[in-house]
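Hi everyone, thanks for coming. I'd like to walk you through one model today, so please have a look at the sequence and the structure first.

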Amino acid sequence: MKVYEKIIQLFLFLCALIAVLGVILITFFIVREGWPVIQKVGFFNFIFGRQWAPTQQIYGIYPMILGSILATLGALILGVPIGVGCAVFLAEIAKPKVANIIRPGIELLAGIPSVVYGLYGLVVLVPFIRKTFQNQGFSILAGSVILGIMILPTIINISESAIRSVPKEYKEGSLALGGSHWQAIYKVIVPAARSGIITGIILGMGRAIGETMAVIMITGNSTLIPESILSPIRTLTGNIGIEMGYASGEHQQALFATGIVLFIFIMILNVAANLIPKKVGE
Amino acid sequence: MNIKLFGESSSISSGTVKKNRITEKIFFGLLWAAAFITVIVLVAIIGHVLINGLSHISLQFLTQEPENMGKEGGIFSSIVTTVYLALFSLIIAVPIGLSAAIFLTEYAKEGLIIRIIRFGTEALAGIPSIIYGLFGFVFFVVLLKFKYSIVSGGLTLTLMILPTIIRTSEESIKMVPRSYREGSLALGATKWQTIYKVVLPAAIPGVLTGVILGVGRVVGETAAVIYTAGSSLGLPNSIWRPGRTMAVHLYILASEGLSKTNMYATATVLIITVFIINFVANRLIKRFIR
């Protein structure tokens, strides 16, 4: 009987290790495939190289790094105020009836597949930008708007639960001192919930920088360095997503190398999210 | 003197209160606007797809094979591929995820190993789907020679949905009251018997929630699937054959501009699937909170 129990425990332990094994395998194979190109080109030439011409064996992904960063920044500029605002609204202002209508809506927003966002961007947003600014429409702006929408559920959900976990006494104390509800919100509640809100924003960044299909459909995928918010861009994810379909040999390895850089970005965000203190008020 | 002071301070504070009232109104208005924008965006996207797609949904569209690269005909093989992939990945991910959750909640003691496992699970959840696509391609498709197939796609998706299954299972197992376990142990049951006969049955709704959320992830996934399960049309007649999921089909229809009607109709089917998934998941979550 004892032995039987031990075997089960061992089996459960091994299952728990599979997630870790998965991360190790993924890291190992992406690095193994991508490293030769980085080694050949040189790490700095690879990430600061301004030209991407696989047919001439020139691999510089600076435009894509810039593209990813700009699209993500744009998404944050749009998504953070609306997301945090919506979270404060749900936690502090909305009557339960209103909140119970909005919350399932946000879950729905989280569940919509990224291709559907891409589709909406492609048939509604891009033509709108094209008409308004008399350009090609595929742009940083289009990518930022759609990504800004896509990160809303992440920011709203995590921020709302952070705001809700602020002890009632904080708010009551502020109100008892004669502060208005709004003063309580922005001087006491939001600062106390800031670590949770920042975690939400970081995870939203992760989602934006890792998004592929929607971005491919609306950013134009040009490998030139963008000149304005209306220029087309290609992101790191886009670079992989577009060219994986036909790349082979060294070109394909260069796409895995792009994956390494993307992976580094994501890991930095993951570690950052883990470093943020979890407790209220810290 | 006292009265005068009181009068002064009250007049000042009534002025500040008034000013505060106005600031409060303005900022509350902005918060309302933030929530309003969120809802409007949701309604705009879903409305746009449903208005353009709902009228093209028919029994034929769901049961006919795509013809002429998907320009005509239905999406039957894409529905089948999606179902195959969801089933395949769940059949593997659920037992592993549930076992991992049992280990983490019932056996593990806080320490380095647990922290590593937790970090691994979180990291897995944060990896972008295109990276899964790259990994699945080089590992399952090329190295293990599974080619573009349901197996390659399904195993890649297994890794993707594992964190979700582990988390929801863990949460539901934690919800099972201590007294259940104590009662079972007091009756002389072993630890595993207690888990198997008492804890697990009570945790089933939570596990099902994980399953439903996993299905949602599989249905909506494109980047990880297109380079592992492939994108070829036609019914996969075995798990070693490639297929094209609904999301991949939609991507190809939209980006190649093949057919607006079929594009909107496919998007509508996807959105309705998401509706159903969210509805069922909410029902389950409500049940296991009670």
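Let me start with a pair of helices: helix 3 of chain B passes helix 6 of chain B in a right-handed crossing. Right-handed here means that the near helix is turned clockwise from the far one by less than a right angle, and left-handed that it is turned anticlockwise. Helices are DSSP runs of H or I with at least four residues, strands are runs of E with at least two, and both are numbered from the N terminus. Helix 3 covers residues 76-107 and helix 6 covers residues 150-175 of chain B; their axes come within 6 Å and cross at roughly 40°. Those axes are lines fitted to C-alpha atoms over the stretch in contact, with angles running from 0 to 180 degrees between N-to-C directions. The contact between helix 3 and helix 6 of chain B involves 19 nonpolar, seven polar and two charged residues. For these classes, Ala, Val, Leu, Ile, Met, Phe, Trp, Tyr, Cys and Pro are nonpolar, Asp, Glu, Lys and Arg are charged, and the others, Gly among them, are polar.

A quick word on the ground rules. This is a predicted model, where local features need pLDDT of at least 70 and side-chain atom pairs count only at pLDDT 80 or more, while totals for chains, interfaces and linings use all residues. Residues are numbered from 1 along each chain as its sequence is written, and chains are lettered from A and ligands numbered from 1 in the order in which they are written.

Now, which helices of chain B cover the buried residues of helix 4 of chain B? Helix 3 and helix 6 of chain B are part of that cover, and chain A contributes too, with helix 1 (2-41), helix 10 (194-210) and helix 13 (249-275). The buried residues of helix 4 of chain B are I117(B), G120(B), T121(B), A123(B), L124(B) and G126(B). Buried means 20 or more other C-beta atoms within 10 Å of a residue's own, exposed means 12 or fewer, and partly exposed is in between, with C-beta atoms placed from the backbone. Helix 4 of chain B has 15 residues and spans 21 Å from first C-alpha to last, close to the 21 Å expected at 1.5 Å a residue; that expectation is 1.5 Å times one less than the number of residues.

That brings us to the interface. Chain A and chain B each put 68 residues into their contact, counting two residues as touching if their C-beta atoms, placed from the backbone, lie within 7 Å. On the chain B side, helix 1 of chain B gives the most, with 18 residues. That side divides into 49 nonpolar, 16 polar and three charged residues.

Within chain B, the domain assignment, which is automatic or from a database, gives domain 1 (2-56) and domain 2 (59-289). Their centres, over C-alpha atoms, are 40 Å apart, and each domain of chain B gives seven residues to the contact.

As for chain A, there are 13 helices and two strands, and 51% of its 282 residues are buried.

Q134(A) lies between helix 5 (114-133) and helix 6 (140-150) of chain A, and K145(B) between helix 5 and helix 6 of chain B. Why do we call Q134(A) exposed? Because Q134(A) has 9 C-beta neighbours inside 10 Å; K145(B), with 8, counts as exposed as well.
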